[in-house]
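Morning, everyone. I have one structure to go through today, and I will keep to the packing of its side chains.

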Amino acid sequence: MAEKEEEVDPCCECQIHGCPFVNTGICEYAFDHCAVEIMGGHLKKTKDISSGSYRTPDVPVSRDIPLRFGKLRIIDGAVNQTLWKRWTEFLEWSKTNGKSGQGWSLDTQVDFQTGKTAVENAVLHHDDPLDNDLQTELFESIMDHAAFLAKGEIRFLRGYTNYYVQTDQGYIHQDEANVGGISAVWYCHPDWHLNWGGELVIYDVQDEAMFYHADRYLHEDNIVGAEDRQRFYDHVLSSPMHAITPAANRLVIFDSHVLHAARPPQSAEALRLSTAVKLYDSSYMPDE
């Protein structure tokens, strides 16, 4: 009797073993291209890479990056493989079956040098995240990793997923102006190659007042004059930078005061997909 051939039902032509996007359709729905053009091309090229493509560790591995003000930690292998895959499936569900307002939309940012607002990238907001078991599991896992930054109880503010393609723009910004804010960015794409770029750029601001009060310079309704704004621009321009590769399953945690920017990928076939969680330290908040 002939041996029965294994049946497969791939969502695209890649058929990469362990791909977290298998049967989610995310490559098709999120980017308005067929799976072969986007995820297919991407994964076919990473399948045989023996160097340059980062492989996520089996257990979390963390390291701290020194900054003049604030803290910065990188954790590789931050989320377990099963949860990682389930999360990408949830992204697809949110697009096709989610509540009103949970679909992908265009995000905007302000160029602090010109004061002009422009479209930056596409974003999926996660409303009421702790009412969903999967989101609760993921976000609480990320919150556990971020607890080192908190003096008191760590609490959730908001969460959303961004994706960047080559033609998108990432502007310099600050997540929160209030003391006690914590930012966590988890890269949930399946793989990443060094030559794709897409780094998270951290600006190590050396002036304490500018670090804590950058919001005065960063918005259209900023309260500083042109001379002070130019002084801030010159300072940021001369500040040391850290360029963090968005390796798959890498989590980056930092004080929300830290100036940063997401750079788009340099390859048309690379998809930069990240879930951001904004938190705060309850010890800095007034009693409710």
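This is a predicted model: local features need pLDDT of at least 70, side-chain atom pairs count only at pLDDT 80 or more; totals for chains, interfaces and linings use all residues.

Which residues of helix 4 are buried? The list is L134, Q135, T136, L138, F139, I142, M143, H145 and A146.

In general, nonpolar side chains in soluble globular proteins tend to be buried together. In this model the largest nonpolar core has 32 residues, and the members that touch the most others are W87, L138, I182, W186, L251, I253 and L279. Two or more residues each come from helix 3 (81-97), strand 4 (117-125), helix 4, strand 5 (154-164), strand 6 (181-187), strand 9 (250-255) and strand 11 (272-281). Which element gives the largest share? Helix 4 does, with six residues.

Take L138 as an example. Neighbours within four places in sequence aside, L138 is in contact with V79, L83, W87 and W186. There is also a second, separate core of 29 residues, with I202, M210, F232 and L259 among its members.

Is R250 buried or exposed? It counts as buried, because its relative accessibility is 7% and the cut-off for buried is under 20%. The side chain of R250 makes a polar contact of 2.5 Å with that of D76.

Next, the aromatics. The model has six aromatic pairs, and I will show two. W192 and W196 are edge-to-face, with 5.3 Å centre to centre and 85° between the planes. Both count as buried: W192 because it is at 1% relative accessibility, and W196 because it is at 10%.

The other pair is F211 and Y212, again edge-to-face, at 4.8 Å centre to centre and 85° between the planes. Here F211 counts as buried, being at 4% relative accessibility, whereas Y212, at 31%, counts as partly exposed. F211 and Y212 form one aromatic cluster with F69.

Last item: where does the charged end of R73 sit? It is over the ring of F148, 3.7 Å from the ring centre.

That is what I have; questions, please.

Terms used. Residues are numbered from 1 along each chain as its sequence is written. Side-chain values use heavy atoms; hydrogens and water are left out. Buried means under 20% relative accessible area, exposed over 50%, partly exposed in between (1.4 Å probe, protein chains only). Helices (H or I, at least four residues) and strands (E, at least two) are DSSP runs, numbered from the N terminus. A nonpolar core is a set of buried Ala, Val, Leu, Ile, Met, Phe, Trp, Tyr and Cys residues joined through side-chain atoms within 4.5 Å. Contact means heavy atoms within 4.5 Å. A polar contact is a pair of N or O atoms within 3.5 Å; within protein, one must be able to donate a hydrogen and the other to accept it, and residues adjacent in sequence count only if both atoms are side-chain atoms. Rings of Phe, Tyr and Trp (its six-membered ring) pair if their centres lie within 6.5 Å; planes under 30 degrees apart count as stacked, over 60 as edge-to-face and the rest as tilted. A charge sits over a ring if NZ of Lys or CZ of Arg is within 6 Å of the ring centre and within 35 degrees of the ring normal.
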